[in-house]
Amino acid sequence: MKVVWPIGSGVTPARKLVVGSTFSNLSMEDALGRKVVVFYHAGISNEEKVHLRQKLLLHLREENYKIALMLAVLISKIARIDYPKEWPGLFSALAQQLQSADILTSHRIFMVLFRTLKELSTKRLASDQRNFAEISSHFFDYSWRLWQSDVQTILHDFSALTQHTNSDGSEQHQDDLYLICERWLLCLKIIRQLIISGFPRDAKCMQEVRPVKEVSPVLLNAIQSFLTYYSSFQALHPKFWDFIKRASTKLMKVLVAFQARHPYSFGDECVLPPIMDFCLNKIADPEHHILSFEQFLIQCMVMVKSILECKEYKPSLTGRVIDENRVTIEQMKKNISSIVGGVLTSLLPKERIVLLCNILIRRYFVLSASDLEEWYQNPESFHHEQDMVQWTEKLRPCAEALYIVLFENHSQLLGPVVVSILQEAMSGCPASVTEITPGLLLKDAAYSAAAHVYYELSNYLSFKYWFNGALSLELSNDHPNMRIIHRKVALILGQWVSEVKDDTKRSVYCALIRLLQEKDLSVRLAACRSLCFHIEDANFSEQDFTDLLPVCWDLCFKLIEEVQEFDSKVQVLNLISTLLGRGNEVIPFANKLVQFFRKVWEESSGESLLQIQLLIALRSFVTALGYRSPICYNLILPILQKGIDINSPDELNLLEDSLQLWEAILSNAPSMVPQLLAYFPCLVEVIERSFDHLQVAVHITEGYIILGGTDFLSMHASSVVKLLDLIVGNVNDRGLLSTLPVIDILIQLCFPMEVPPLISSTLQKLVVICLTGGDDPDPSKTAVKASAAAILARILVMNSNYLAQLTSQPSLLLLLQKTGFPTEENVLLCLIDMWLEKVDNASSTQRKTFGLALSIILTLRLPQVLDKLDHILSVCTSVILGGNDDLAEEESSGDNMMSSSRSQNEGPVPSKEFKKRQIKFSDPINQMSLETSVRDNLQTCAALHGESFNSAIGRMHPAAFAQLKQALKMP
């Protein structure tokens, strides 16, 4: 294919070379997929784009399928960018070519249409959706007529194939027929796209989608017609047999999609009843050859499940709505739900529900010979395929999912039925039976049924009676074939965790430990997961499990060495993390755990997904060790150093979990160690790149300040300054609210005389935050202003001279001027107004800080102070009389923490939280007397202002003055 550039197009030789070489080598998919698309995006002129689009549409009759597919993809990608503004004639051009197209050309055009519509349907803007709806209105009728014509042609020729033997000209005819079949499939996909994306959800707009009612019954007839050729074509015409499988499955998938997108239209009497009945019949009584057609049976089950759990078909529980329009809509929904509910009741009488339940358990739950062979060959893979596979991909998981929904909808009817099947299976195959018989496989299926609906079935079956009887007997039989039942018992013990009462817990824990010791990996992995459920349970009994811990740890270590698959290792690590999360009795096993983690980490090199799980487990390990966590630093700090290095090849995968591990280390560290102290600059590098990890970064910074104190600040002052300057002024209110307390602790803890000048740039931004932005009612903005104002008030209280310097700095005035702040305003006076305004939005400690700052303001030789005297004294009075609730709460929680953190003959645990509470207790703000400060500074104010002070006091309301005297204990 050669590109001929128009005369005078202005195309450079280089551009001719790139595009020309691409089209002359279209067999190279990479050339078309990468060169041309990138070239199109790279800034070619509009004239060149027009020429390129025209040329693409002239070469649709491409015989090579791969090239045709790439052309379709390319056109769709360009259409996403250019349609409709730059390429309004795309669909009319395609439609025009369809009028005179042969089979091959029409097939290729439908490839383009399908790809383009699929691409355009993903655009979510309202204008794009309107454009797609318009396309649907124009193309649906044509596509639907062609689909119907093609299906008639296909079925006619299929009938002929069954009646005639091969003739000389039949090979070419079959090739043409196969191309028609493929075109028909493309047309089906287009119809699906037009109906799914071309109309708004009918449950939302309450408008009937006519094509659903028109198309769905015809699709069902097509499925029924195709299936009649399924068995005869399998041997004689394998190519068309494969098509029938694809077509039947796709048709059912399209119907499932219609039901999910437009449930009300699908609920019509000419649509839902015949489709539901067809699916139920295929599930319950399929022809012999259909039993092996698993993908089709899966879609039938998906359809029935989707209908049974569809919320639009269930009775509405909403009450009356005042708005008349809403009443009408709700009533319409109720009417439709009532009608569909009646249809479903007629389709599923009690006898049919019981029959379906029996068939699901007795036929679809039962392990097949191929299942057992797969289990025997690779128990580990079998475990994951059975329990972790997507339920729509395999027949048994799909049958289980349908069974669960059926049981939930009809638990009172099916509860006794399932118990009856369970009792029948257990009596028909006692625990002593070891041969793999139909009876044993039925018992396995019945156990599955009981496990999956534990919550509803507990009303009909006593777990204690069942466990102490049949299940314990099953576990006492050690024959290798009993792995089938043992695995299912492990599943039951995990699913029924909520029904395990105190008098049975110990026995269940012992049973799971025993199952963890079996030879079969599938059984052990099932037990591993179920044990994890029990340990996670809120009612887990640590007392009953404590003496089992040594063997449990050893079994975990052994299991992770034996398994090979990633999912298996993750499952064992989850159990280890859960055990560690309980936090008790870890110290005796600490050395073993360190050795285990070191070995597994070394073996996980290059497996970042596994290393993520290891980092999560290590975080649990550090938390469980608490203040004794330094015993694992030799293991954990090198791992941390690698994880927080933003230049590491695994940074993208490991950084988030490494940061959380870092936070856990600091939170549980009794003191700062030099190696940990040296890591802090890495945090600045992380924040320099993005704020994705801001929350955990703030907690890490707080940990360094609290644990490192002056040593930390003297070593990393410049990094702290840089970090705070990066954050403040560049993050949203939520980010600021988490950062401001850290600044407060930094000023309070690390010498209030030295820190403020270091972070002057950050403090200037806090002033800007306080004084600009107007009176925004947003609670988060109010909280930010209150916290920022409290920090500035603290500086005034603890370092008065510096605040005066800060508010008069030219750089601050310039910053304020840029935001529109009036240059003639006095910054300090504006801050006073902010403290007076935000006192009601502050915590108790912040309120006291405001009060102390305002009392200091009384000593300033400023006449404006007298104008605000009434308000200042009113705030101070309310703070004094209100007390400090925050400190009382801290003292109470601190006492609890100290008592809970003491072990025998030990003092309080020197953790970050403990030190944080100590800092709050020793806060100078809490040590100062606001009452004394106000009393003394009032005297200073009186001396400074003389008669003017007396006049200001005289203007106070008598009640306010009385409260002031009460607060200051004045006679």
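Which helix holds K282? K282 lies in helix α14, which covers residues 272-284; helices here are DSSP runs of H or I with at least four residues, strands are runs of E with at least two, and both are numbered from the N terminus. This is a predicted model, in which local features need pLDDT of at least 70 and side-chain atom pairs count only at pLDDT 80 or more, while totals for chains, interfaces and linings use all residues. Residues are numbered from 1 along each chain as its sequence is written, and side-chain values use heavy atoms, with hydrogens and water left out.

K282 has a relative accessible area of 10% and is buried; buried means under 20% relative accessible area, exposed over 50%, and partly exposed in between, with a 1.4 Å probe and protein chains only. The side chain of K282 makes a polar contact of 2.8 Å with the side chain of E287. A polar contact is a pair of N or O atoms within 3.5 Å; within protein, one must be able to donate a hydrogen and the other to accept it, and residues adjacent in sequence count only if both atoms are side-chain atoms. Leaving aside neighbours within four places in sequence, K282 is in contact with L227, E287, F296, L297, C300 and Y364, where contact means heavy atoms within 4.5 Å.

The whole structure has 0 disulfides, a disulfide being a pair of cysteine sulfur atoms within 2.5 Å. For C300, the nearest cysteine sulfur is that of C279, 4.2 Å away. C300 is buried, at 0% relative accessible area. C398 is in no disulfide either, and the nearest cysteine sulfur to it, that of C300, is 9.6 Å away. C398 is also buried, with a relative accessible area of 1%.

Now the chain as a whole. It contains 53 helices and 0 strands. Of its 971 residues, 53% count as buried. Among contacts between residues at least 6 apart in sequence, 77% join residues at least 24 apart. The accessible surface comes to about 43600 Å², and 52% of that belongs to carbon and sulfur atoms; these areas come from the Shrake-Rupley method with a 1.4 Å probe, and for residues only the protein chains shown count as cover.

The largest nonpolar core has 329 residues, and F158, F226 and W835 have the most contacts inside it. Helix α37, residues 694-727, gives the largest share of this core, 16 residues. A nonpolar core is a set of buried Ala, Val, Leu, Ile, Met, Phe, Trp, Tyr and Cys residues joined through side-chain atoms within 4.5 Å.

How many salt bridges does a search of the whole structure find? The search finds 44, a salt bridge being a side-chain nitrogen of Lys or Arg within 4 Å of a carboxyl oxygen of Asp or Glu. In one of them, the side chains of R524 and E562 meet at 2.8 Å, N to O. R524 is in helix α27 (residues 521-536) and E562 in helix α29 (residues 549-562), so the pair links distant parts of the chain, 38 residues apart. R524 is buried at 4% relative accessible area, whereas E562 is partly exposed at 32%.

K781 forms a salt bridge with D733, and their closest N and O atoms are 3.1 Å apart. Because K781 belongs to helix α41 (residues 779-798) and D733 to helix α38 (residues 733-749), this pair ties together parts that are 48 residues apart in sequence. K781 is partly exposed at 34%, while D733 is buried at 16%.

A further salt bridge joins the side chains of E931 and K969 at 3.2 Å, N to O. E931 lies in helix α51 (residues 930-945) and K969 in the segment after α53 (958-967), so parts 38 residues apart in sequence are tied together. E931 is buried at 18% relative accessible area, and K969 is exposed at 61%.

Two backbone features remain. Most residues other than glycine have a negative phi, and most peptide bonds are trans. K969 has a phi near 55°, a positive value in a residue other than glycine. A cis peptide bond joins Y83 and P84, with omega about 0°. P84 is in the loop between α4 (65-82) and α5 (90-99).
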